[in-house]
Structure formats: structure tokens, C-alpha cells
Amino acid sequence: MLKKLLLLVILSGFTLSAQDYFVQKYKPFTAEIPSPETFLGYAIGEHHTRHDLIVAYLEKLAELSDRASIEEYGRTHEGRKLVMLTVTSPKNLNNLNNLREAHLAFTDPKQKVSNYNEVPIFINLAYNVHGNEPSSSEAALLTAYSLVASQNPEILKYLDNAVIFIDPTINPDGRDRHTQWVNTYQGSPEVADPQDAEHNEYWPMGRTNHYWFDLNRDWLLAINPESRGKLKWYHQWYPNVVTDFHEMGTQSTYFFEPMKTNASFDPIMPKENYEDLNTLFGNEFAKSLDSIGSLYFTKEVFDGTYPGYGSSYPDLQGGLGLLFEQASSRGHRQTTAFGEITFAFTIRNQYVSGLTTVKTAVDNKDIMRKYQQDFFKSALTNATKNKVKGYLFGDTHDQNRTKAFIDKLLLHKVEVYRSGNRFAVPTQQPQYRMVQTMFETYEKYRDSVYYDASAWSVANFYNMKYRPVNNLDLGEKISTTQELIKLEPVSKSSYAYIMDWDDYNAPAALYYLQQKGIIASSAAKPFSVRVNKDNKSFNYGAVLIPVSLQKVDGTSIHQMITEAQEKFNVPFYAVNSGLSDNGIDLGSGNISPIKQPKAVMLIGNGVRSYEAGEVWHLLDTRVHMPITKVPMRNFNKLNLDKYTSLVMVSGQYNFTKNQIEKIKQWTEKGNTLVTIGSASKWAIDKKIVQEELIAKEKDSTQIAVRKPYVDARENIGKESIGGVILKVDLDITHPLSYGYRDNQLPVYKNNSVWLAPSKNPYATVAKYAEDPHIDGFITKKNMAEHIMNSASLIVSKVGKGRAVLFADNPNFRGSWYGTNRLFLNALFLGDKINVPSQD
Ligand SMILES: [Zn+2]
């Protein structure tokens with residue numbers, strides 16, 4: 001790096017230090033504030049900087065300077081700090097609470113304020129959401145240094161007119177995974193050869209967080225602590241401009257907004273956002289990048305249709321989200337078709353764009369503020385025009401799933417009201433656009449090739465039965481979910497306890513008890529018994545815990561049951577007789593013991609890390625049940641007999657015949673193979689199961705068709721399924737469906753795995769419904785030829801065992817609370833499926 005700079009110095013004929021390569025425009029700098037180079041002991045770009053050092057540097061700035069303060073807004077799964085450095089003039093910093101109040105007045109449609117130019121503009125410079133796109137966090141250090149230490153009049157003007165929030169690393173766990181990799185393999189001299197290990201990370205790579213989630217999809221879904229902390233911060237400050245820095249393929253240049261046009265016909269964000277503001281900022285980015293000779297492009301790619309990106313969520317909060325994509329050096333130096341790209345070069349482009357964002361926001365303070373004010377005012381006027389006055393929802397059988405959905409609404413500051421077990425969300429509220437995002441569904445699009453999902457009506461993710469209403473009786477406003485579930489203490493029984501299997505947390509409560517050695521059974525048929533003085537009916541899958549079968553005394557059992565109820569908020573009922581009022585009795589042959597599941601999942605090269613991470617996350621954070629993750633390279637050593645279930649998510653499984661036979665023989669012994677997406681296709685292709693895929697239709701035309709080359713991407717792309725919500729018809733009597741009371745269930749499809757319904761009439765658990773479209777883009781061809789003929793979930797007998805084949809991912813992005821149960825049933829109740837065969 002230094003050598004390269006020296007060369008640059010000789011070529012350009014003046015002296016330029018490593019530091020000056022980035023920041024010389026903003027000289028002079030206060031000597032009391034250490035530069036990143038001084039603090040770290042190496043020049044920016046020479047190594048990748050660990051997250052703890054990034055935090056330490058920002059803490060140092062806050063300690064030394066009266067322009068900066070720092071706060072922690074959360075911790076990652078791995079315990080790393082999520083921090084926000086606030087930088088502004090000392091005068092503004094001392095007056096921050098008042099400034100915040102003055103700023104928030106513009107987000108409140110009830111307040112009539114017009115001092116647009118008097119309040120500093122609020123800017124959130126956010127960096128490095130994808131851990132292995134590392135240039136921007138290094139730019140964050142240089143940006144923080146420039147703002148804190150420069151005495152240049154340009155910077156002083158920014159500080160007087162803006163409050164700048166620097167979030168240096170949105171995804172520290174992923175960043176450190178990548179940092180460790182590239183620093184480990186860095187050569188001296190550096191190796192620019194793209195085939196070097198430094199430029200080729202190993203699975204699961206650093207893009208994602210601890211559970212391999214893409215945090216740049218999580219802003220809307222808010223599953224991970226990184227996004228939850230950020231959203232809580234966000235709704236305290238409502239920044240006017242938010243940056244989102246990324247890297248793309250090495251053989252590219254630089255991208256900034258405007259993006260490709262939003263794919264929805266009528267996007268819910270105001271058109272001024274992308275027509276006026278993006279152009280205004282884009283022109284300034286062009287000028288700055290021109291001045292340092294960097295190439296770039298706009299508009300061609302990256303649509304912001306999905307509202308859960310870091311660059312689209314702010315657009316739904318009256319701000320301007322800005323996406324930047326830098327060609328990646330993936331390592332410190334790499335050979336490209338254009339020559340060589342260095343880490344320092346990528347950092348400089350991000351640095352320049354960051355400070356240009358500040359400059360443009362400051363220069364257009366009044367426009368940005370008025371825009372945000374109009375945004376929230378228009379939310380109310382748009383809502384007035386809507387016939388729908390609100391949405392009603394709630395599921396009395398599953399309070400924890402309902403609670404999780406309400407938690408999501410509240411996190412986005414959507415107003416929720418309660419009347420008994422019914423919840424209401426009015427459309428008439430400042431967050432009307434979030435209400436639309438959560439509940440409205442679409443089927444008309446201007447475009448057909450998406451960068452991501454085309455469906456995100458979150459209510460459907462949660463299988464919330466909801467309905468729009470034209471007049472609304474609100475009830476009492478709720479501000480927290482903490483007291484939402486109130487359960488009666490479980491009374492003591494000397495006979496048995498019963499838990500419904502309907503609640504989202506029931507598997508977690510069951511696993512908790514199983515771990516303590518409690519023997520529990522599952523009911524294959526409904527029944528009703530006396531609970532206290534009332535008659536209570538229980539659904540398919542109710543869990544029975546008979547007192548006499550346990551190894552511990554009645555008092556201990558009662559205590560454990562009480563703990564399980566308190567910990568997971570799932571009701572347990574004490575019963576004193578085995579004779580039912582209706583349906584099967586408690587000693588029936590239709591009630592059988594549930595084995596404690598022991599699950600193993602294959603991971604590693606070829607396996608789709610997102611799907612594997614979703615399984616891991618579900619079991620860890622919601623069921624509190626361990627799953628053993630075995631890298632594919634260790635498959636030959638794996639003793640499968642220790643497990644009851646093997647999970648294979650989508651991926652490339654290049655197994656030998658013997659390895660396939662190993663899986664098949666283990667399944668035949670009575671175990672459960674659970675496959676998702678392309679792994680289901682694999683199980684059929686490799687004949688582990690006797691099932692079929694919907695055959696690809698033969699091309700009926702014999703004459704070769706010619707089409708313009710330029711349309712190829714569009715034509716081919718539209719037949720792939722970016723993400724669509726479909727309705728299935730569920731057999732609620734099947735063990736895989738225990739816990740569901742309604743046979744209509746939304747599922748998420750984002751692949752082209754088309755399972756033929758099983759020939760066994762009892763084995764197609766979920767088939768797409770007659771009229772399956774709920775939300776999102778799908779071609780008529782896909783609908784007619786594939787969806788209408790195929791199944792979403794089937795079970796197939798394999799010797800004494802079975803394979804559970806999911807065509808669709810039941811755990812998508814950790815937010816499909818509605819379909820998680822199907823997957824968990826496969827683990828907990830797999831051996832209850834004794835598929836009766838026809839022959
Ligand atoms: Zn990215």
C-alpha cells in the first residue's frame with residue numbers, strides 16, 4: 001500500500017502521505033486528535049481493521065473531542081458492541097435534546113412548524129451491513145476523523161448545520177469473520193492473483209451475521225439484535241438522510257442512486273423521493289467522483305422494491321435512503337480486467353461519497369426537512385382517501401404468535417389497539433405507509449425481474465388471519481407486548497396435565513420438559529375433558545403428561561410444569577380423570593409418547609447458508625434446542641445413529657453412491673430425513689424416496705425462435721420466482737400439521753422446486769389451494785403449469801422411516817412464524833407418521 005502511494009507521489013509530482021490520499025481536501029487537522037493511522041499503527045487500507053479497534057477509535061474521538069459523543073445501541077449475537085458516534089458542533093452537541101425535539105416536530109403531522117432552515121439536518125452515515133464488503137467501515141474511520149479533527153471551514157459549516165450519526169459497522173460479527181480471513185491470508189508482498197486464498201473466503205463467508213442472516217433484508221422483519229437495536233434508535237431520531245454502503249463484483253466500478261425504477265406500479269413512497277431527491281444527490285456524487293477520476297454508473301440495476309433494505313426502509317420514514325456499491329477488492333489488492341484494484345482505492349470512493357452526502361444534505365436542509373414533514377402529513381391524507389379504515393386480527397389459540405406480530409408492529413411505531421382478544425390497526429396514523437407494508441398485498445407490477453422478494457405483507461408471514469374493515473371501533477391502545485398474555489397458574493394434579501399444541505411456543509415448552517426427563521405423549525385425535533369445572537376441548541396434537549408415568553414425585557412435576565408455563569407463556573391444564581366427555585380417552589392407543597428429538601444438519605460448501613442459518617436460529621432462539629451442525633467434509637466420519645432427524649436445506653449435495661446409501665439406510669431404520677427446497681429435489685433425483693417432480697414441459701415448437709439478445713436477462717429472469725406468497729390447503733389431521741386449526745395457510749415460495757403430489761393419498765400434507773395467489777409476482781405460465789399441479793409439502797415412506805419433503809422454505813428469514821410449526825413437527829413428531837400404504 002505504501003509502495004503504491006509512493007509511486008503515486010512520484011507520478012503526480014508532489015508529496016502525499018498515506019493519510020493525505022484520503023483526507024487532504026479537509027486540511028488542516030487538529031494535532032490533539034489522533035488520525036486512524038496514528039491510533040491503529042498502520043495506514044488505512046494496509047490491513048482490514050477489526051471491529052473492536054473501530055469501536056476503540058470512535059470511543060477515543062468521543063473522549064478527546066467536544067464535537068463527538070458515543071452510545072451503544074445494542075449487542076450482536078456474538079456480544080460485539082453496536083455503536084453510534086454523534087458528531088456536530090460543540091454548541092449543537094450541548095443542545096442535542098432540544099434539537100431533537102425541534103427536529104421531531106417535523107415528523108408529527110399535528111405540529112405546524114416551518115423553521116426548516118433553523119434546525120440542523122440529521123444525517124445517519126451507516127456502514128458495512130455486509131461483513132465481507134469491508135471498505136466502508138474503514139471509510140467510516142476516516143470520515144469520523146475528518147469531522148472531529150478538521151479545522152477546514154467546509155467541515156465547520158457541516159458541523160454547524162448538521163447532526164451526523166456514524167454507525168461504523170452494522171454487522172460486526174460478519175465483518176470480523178471476513179477481517180480474520182483476509183488478514184490471515186494477506187501476503188507480503190501482497191498477492192493480486194484472484195486465485196489466491198485471500199480473495200476466496202470459505203463457507204459461510206462474512207456477508208451475513210452470526211446466524212447467517214442477511215441484515216440488509218432484516219430492517220422490515222427485525223429478527224436480529226442488530227436490526228432491533230437499530231430500529232429502536234431509528235425511531236428516536238428519524239434521520240433525513242441515511243447511507244447504505246456496499247461492495248459488488250470486482251470487475252465493476254461504482255454505483256450510486258438513482259436505482260433501477262421501483263418494480264411496483266404504485267410504490268408507497270412518494271415519487272419526489274426517487275424523482276427529485278435522488279437526482280439532486282446523484283448529481284453531487286457524480287461531481288465528487290469526477291474530481292478524483294473514479295468511474296461509476298447509475299439506474300441500470302438494484303431496484304429498491306423490497307422495503308426491508310437499509311436503503312429502502314428510510315424511504316418509508318420520510319428520509320432519503322442512499323445505496324452505494326463499490327467494486328470490491330476482496331482482499332487488499334486484486335487483478336481485474338481494468339488493471340488492479342486496491343483496498344485503499346475502494347475506501348477512498350466510499351469516503352468521498354459519505355462526505356458528499358453530508359455536503360448535499362447541508363446545502364439542501366430546507367428541502368429535506370419540508371420533504372419529511374410532507375411525508376408524514378401525506379400519510380394522513382392518503383389514509384383518508386382509503387376506504388379501508390383499519391385491519392382486525394388476532395388468534396386466540398396462539399397467543400405467542402399474535403404477540404410476536406404485534407411486537408413487530410410496535411417496533412415500527414405502528415399504532416395497535418386491543419379489545420378483548422381482538423386487535424386493531426387503524427389506517428389513519430402517521431405510520432400509514434408501514435400499515436400498508438404490513439397488510440396490503442399486490443399483484444400488479446411494472447417489472448418482472450427483481451433484485452429480491454416481490455411479496456412482504458408481513459401479516460401473512462405470521463399466518464395472521466386479518467381483515468380490512470370500513471369502520472373501526474378501536475379499543476384500548478397498547479404500547480408494549482409485555483402484559484399481553486395473562487395465564488392462570490396451573491393447579492396441581494395427581495393424574496395428568498395437558499398442553500395444547502396450538503401455541504407457537506408449545507414445542508419450546510415440550511422440549512424444556514423433555515430435557516428434564518418428563519415423559520409426554522401426543523394425541524392423534526381431538527378430545528374434550530373436564531378442566532376444573534369446565535369442559536375443554538383439545539385439538540390434534542395436544543400434549544399429555546400423565547403423573548403416574550414420571551420418575552419424579554407429583555410436587556416436582558407440578559413445579560416443572562409451572563416453570564414451563566411461566567418461561568414460555570403456554571397454558572397447561574390440570575385434569576383429574578382419564579375419561580373424556582368427547583373423543584378419545586386419555587389412555588387411548590391414539591395417544592403415544594413423543595421421543596426427545598436429536599437433530600443434525602449438514603452445513604458447509606454447497607449448502608445454502610441462509611436456509612441453514614434459519615434452522616439454527618429457530619432452534620436456538622425460539623425452541624432452545626441444540627442442533628449439531630456437521631460440515632460436509634466430515635460426512636464420512638458422521639455417526640448418524642446418534643440422531644432422530646437429519647436436516648438438509650437447499651444446496652448442492654455432491655455425494656457419492658455410498659454416501660447417499662448411508663443416508664438412505666439410516667432413514668430406513670425409522671428416522672426422519674427433512675429436506676427443504678432443492679434438497680427435496682435431490683432426494684427425489686437420487687431415489688432416496690419414490691416420489692416425482694413435475695416434469696419440465698416439452699418445447700412444442702419445432703422452429704427455432706429468435707429474440708433480441710438484449711432482452712435475454714429480462715425474459716429468462718421473469719420465470720424465476722423471486723419470492724411470492726401462496727395459499728396452501730393443509731391436511732390438519734396429519735401429524736405434520738398438528739397445531740393448525742385452519743386448512744388455509746400462506747407459504748413463501750422463492751424457488752423452482754415443483755413436487756408432484758404423492759401417489760399415496762395420505763401423504764400430500766400441503767397442496768397449493770384452488771386460488772393460491774396471495775401476494776407478489778408470478779407469471780401465468782408458472783401458475784398454470786407448475787403451481788396448480790404441485791404440492792408444497794409431502795411425506796414419503798423410506799423403510800421404517802420417512803422423508804419429509806418441503807418444496808417451500810418454512811423458516812424464511814426467521815420471520816415465517818406461520819409455517820415454522822410444519823418444520824418443528826417434522827422434528828418432534830416425525831415418527832408419528834406411519835404413512836399407510838396402498839399396497
Ligand atoms: Zn452488500
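**Exercises: zinc site and an arginine with two partners**

The zinc ion takes its protein donors from H130 (ND1), E133 (OE), E133 (OE) and H246 (ND1), at 2.0 to 2.6 Å; donors are N, O and S atoms within 2.8 Å of the metal (3.2 Å for Na, K and Ca), and water is not among the atoms, so sites may look incomplete. We're working with a predicted model, where local features need pLDDT of at least 70, side-chain atom pairs count only at pLDDT 80 or more, and totals for chains, interfaces and linings use all residues. Residues are numbered from 1 along each chain as its sequence is written, and side-chain values use heavy atoms, with hydrogens and water left out.

**Exercise 1.** Work out the geometry class of the zinc site.

*Solution.* 
- Start with the spacing of the donor residues, H-x2-E-x112-H.
- Next, take the angles among the four donor atoms: 55 to 157°.

**Exercise 2.** Find the salt-bridge partners of R80.

*Solution.* 
- Look for a side-chain nitrogen of Lys or Arg within 4 Å of a carboxyl oxygen of Asp or Glu.
- E78 meets R80 at 2.7 Å, N to O.
- D173 also bridges to R80, with the closest N and O atoms 2.8 Å apart.
- D173 sits in helix α9 (residues 172-185) and R80 in the loop between β1 (68-75) and β2 (81-87), so this pair ties together parts 93 residues apart in sequence. Helices (H or I, at least four residues) and strands (E, at least two) are DSSP runs, numbered from the N terminus.

Technical notes: Four donors count as tetrahedral if all angles lie between 85 and 135 degrees; four count as square planar and six as octahedral if opposite donors are over 155 degrees apart and all others between 65 and 115; anything else is irregular.
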